[in-house]
Amino acid sequence: MTRQLLSLSRKDAVTRRVVNLNEAVRTTGKLLSETLDRKIRLEFDLTPETTNIKADETQLGQVLLNLAINARDAMPEGGTLRFTTRTEDDKVTVRVTDTGTGIDPENLSRIFDPFFTTKEKTKGTGLGLSVVYGIVKQTGGTIDVKSELDLGTEFIITFPASSEPRKDTAQKETRLAGGAEKIMVVDDEPEMLNLLETAMKDLGYTVVCAKNGMEAVEQAAEDIKLVILDMIMPEMDGMTALRFIRQKTPDVKVLISSGYTSPEKVPMLERIGIEGFVQKPYELGKLASTVRDVLDGVAV
Ligand SMILES: Nc1ncnc2c1ncn2[C@@H]1O[C@H](COP(=O)(O)OP(=O)(O)OP(=O)(O)O)[C@@H](O)[C@H]1O
Ligand SMILES: [Mg+2]
């Protein structure tokens, strides 16, 4: 989950539509109520007024979830996590409030910096809030924080309200492009691997799974037409695996899947011969069409 959250969505993959902020909060709230420790009380205070804004739904979810996870981390003994929405004039505001440790005033100016973290190495990368900040800015919003040591923290995000009509999302259910080829999916995170496997199977593909680079190299075979390869893995990383897979099966097509790919690295990866990227968290429609395009030899 953490790794999914790190995805700094590339600009071209962002689809801004009219979304309802209350609905986004409810969706995140549902996810949280299923996963958070019961010591943490969830509260919602959502305005009955319209809360439509123009945003990317996936990104909006990332923002809310990142703030919620930080709040959870700040309340190891439990507490209250509250979401509040308000509509005023032409602005829609969401506040995420916790009763946790609070933020040391000395650190307050640095929390949005990439890689700033007060957590142990294995617990935090310090990217959460910089992703949040980036998304809020990209969406035309502002973010503010108020915090008091030992009392808690409040993040306040304000977006421009949208008066455009909402497109009916039910209509969007178009058939996804599938196929029957054999595909190998490689990821060290079991949930991620499972997600990819089921998604590809649902699309009709035959799927071979590998949970690390070594397994991927072992299983590489002529009848596998495409490999979806995670870059950051223990034991043998994606880059090394890619080199061995290419030696064994030079014609196989390769898609790199990554939660956090810095754009500067892209030209280098393209030179070592990959067909393209899929970005975590996966957006099924995009994943399906990228896979189909790559198999068909269409540039992505
Ligand atoms: N709700 C909060 N309560 C207390 N401290 C917070 C809160 N939110 C953020 N912080 C502080 O800001 C720092 C940066 O947060 P950020 O989300 O960017 O990184 P992280 O949570 O440390 O790591 P990551 O999000 O990558 O797992 C945190 O390490 C913590 O010190
Ligand atoms: Mg965080």
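Predicted model: local features only at pLDDT ≥ 70, side-chain atom pairs only at ≥ 80, totals over all residues.
Local features need pLDDT of at least 70 and side-chain atom pairs count only at pLDDT 80 or more, while totals for chains, interfaces and linings use all residues. Residues are numbered from 1 along each chain as its sequence is written, and chains are lettered from A and ligands numbered from 1 in the order in which they are written.

Ligand 1 is surrounded by 21 residues (C-beta atom, placed from the backbone, within 6 Å), the closest being Ala74, Thr117, Gly124, Gly128 and Leu129. By class, the shell holds seven nonpolar, twelve polar and two charged residues (nonpolar: Ala, Val, Leu, Ile, Met, Phe, Trp, Tyr, Cys and Pro; charged: Asp, Glu, Lys and Arg; polar: the others, Gly among them). Helices (H or I, at least four residues) and strands (E, at least two) are DSSP runs, numbered from the N terminus.

Turning to helix 7 (residues 238-248), its buried residues are Gly238, Ala241, Leu242 and Ile245 (20 or more other C-beta atoms within 10 Å of the residue's own, all placed from the backbone). These fall within an arc of 105 degrees seen down the helix axis, so they line one face of helix 7; the arc is that of the directions from the axis to the C-beta atoms.

An open sheet of five strands has mixed pairing and the order 2-4-5-7-6, where pairing requires at least two DSSP bridges. Strand 2 (40-45) and strand 6 (142-148) each have a single partner strand, so one side of each is left without a neighbour in the sheet. Strand 6 pairs with strand 7 (residues 152-160) in the antiparallel sense over seven bridges, and serine 147 stands opposite threonine 153 in strand 7.

Terms used:
Buried ≥ 20, exposed ≤ 12 C-beta atoms within 10 Å, placed from the backbone.
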